[in-house]
Amino acid sequence: MSLYAAIDLHSSNSVLAVMDGDGKALPQCRRPNELPRLLADLAPYRNDLAGIAVESTYNGYWRSMA
């Protein structure tokens with residue numbers, strides 16, 4: 001079964017979500033931006049992950065576009 005992960009990167013923390021190919025959400029959590037911690041959270045899904053997307057757009061970008 002293919003799984004997909006998404007990380008919404010903030011300045012001091014990230015929201016990590018994993019879902020299956022049918023869109024069923026698996027655990028979602030907010031974690032400090034510490035790579036070993038994020039890797040540990042993803043470790044149980046490692047063999048089944050088809051991809052990981054990271055959203056890291058800086059807020060100031062959108063304000064400057066207005």
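This is a short tour of the model, one selection at a time.

Before clicking, note that this is a predicted model, with local features needing pLDDT of at least 70, side-chain atom pairs counting only at pLDDT 80 or more, and totals for chains, interfaces and linings using all residues. Residues are numbered from 1 along each chain as its sequence is written, and side-chain values use heavy atoms, with hydrogens and water left out.

Start with the whole chain in cartoon. You'll find 2 helices and 4 strands, running β-β-β-α-β-α from the N terminus. Helices (H or I, at least four residues) and strands (E, at least two) are DSSP runs, numbered from the N terminus.

Next, select the strands. They make an open sheet in the order β3-β2-β1-β4, with mixed pairing; strands pair if DSSP finds at least two bridges between them. From one strand to the next, the twist averages 15° (axes are lines fitted to C-alpha atoms, and angles run from 0 to 180 degrees between N-to-C directions).

Now zoom in on β2, residues 13–20: 6 bridges tie β2 to β3, and the two run antiparallel. Pick Met 19, and its bridge partner in β3 is Ala 25.

Finally, switch to a surface view. The accessible surface is about 5,000 Å², 54% of it from carbon and sulfur atoms (Shrake-Rupley method, 1.4 Å probe). Of the 66 residues, 21% count as buried, meaning under 20% relative accessible area (1.4 Å probe, protein chains only).

Key. Buried < 20%, exposed > 50% of the residue type's maximum accessible area, 1.4 Å probe, protein only.
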